[in-house]
Structures are given as C-alpha cells and as structure tokens.
Amino acid sequence: ALAAPPAALTTALWLAAAVLGAAGLTTAAAVPQWRFRVHRWEVTDTAVYTASGWLWQEWRVAPMSRIQTVDTHRGPLQRLFGLADVVITTASAAGPISIAGLDGERAERVAAELTEAAHSTEGDAT
C-alpha cells in the first residue's frame, strides 16, 4: 500500500493551487477590461488609426495613400471563436498595422473597405 503524503506537503500543494487559482481568476477578470481600455482602432476617409500596448502604448497612423496590402489572418483559436485580425501593410519601417480580435465578418468588411479606399486614393504607397 502507498503511504499517505506528509501533512505539510499536502498543505503546501493546496496553498499553491489556491494561489495559482486566484492569480488565474484575477487575470481572467482584469485582462479583458485592460485590453478594452488600451486597444483602439478607427478607419476614416484619409487614414487608419490604431492604439495598442499594455505597458508601452503605441499610436499608429497609416494614410490611405501609403497602404500597400490589406490581409486578414485567422489562427485555429480565432477560427474556433469566429474572430480574425486585419493586417495593413504600409510603406513604413515600423512594420504592418494590425487590428486584432475582430468578428470574422466585420474583419472581411473592414479589409474590403480599406482595399477599395486605398485603391481609389492617389498616392505612391512607397
């Protein structure tokens, strides 16, 4: 027969489980609210604006005339929940602009609207 674990070990394991569980619940409650507060995006007739970042926040503006490509990306987990990212590639050394976590249908509409707006806007896109 197996010997019972020492009481101190059992207590330590329960304490560790409680601490990890509390940390998980706190994260699950705080992260969505924090993300909602700091992640923003807007598309106007002249530009795409995004704000993102957890601790170091970034504000990006991409004029329509500088947009080169507009793509949608869906990973396995995003497909499971019907979400997608819109990725806007510009002629910027800072890299592409991403609008993350959109409803799949809305992401398709945004991508189509941006593609049309970029196509009809005069500019060099370089």
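In what order do three strands form an open sheet? The order is 4-5-6, and the pairing is antiparallel. Strands are DSSP runs of E with at least two residues, helices are runs of H or I with at least four, and both are numbered from the N terminus. Two strands pair if DSSP finds at least two bridges between them.

This is a predicted model, in which local features need pLDDT of at least 70, side-chain atom pairs count only at pLDDT 80 or more, and totals for chains, interfaces and linings use all residues. Residues are numbered from 1 along each chain as its sequence is written, and side-chain values use heavy atoms, without hydrogens and water.

Six bridges join strand 4 to strand 5 (residues 83-90). Thr 69 stands opposite Thr 89 in strand 5.

**The largest pocket**

A pocket is an open set of points on a 1 Å grid over the protein atoms alone, where a 1.4 Å probe fits, with protein on both sides within 12 Å along at least five of seven lines; lining residues have an atom within 4 Å of a point. Of the 14 lining residues, the closest to the centre of the largest pocket are Arg 35, His 39, Arg 40, Trp 41 and Ala 100. Strand 6 gives the most to this lining, with five residues.

| Class (members) | Residues in the lining |
|---|---|
| Nonpolar (Ala, Val, Leu, Ile, Met, Phe, Trp, Tyr, Cys, Pro) | six residues |
| Polar (the others, Gly among them) | five residues |
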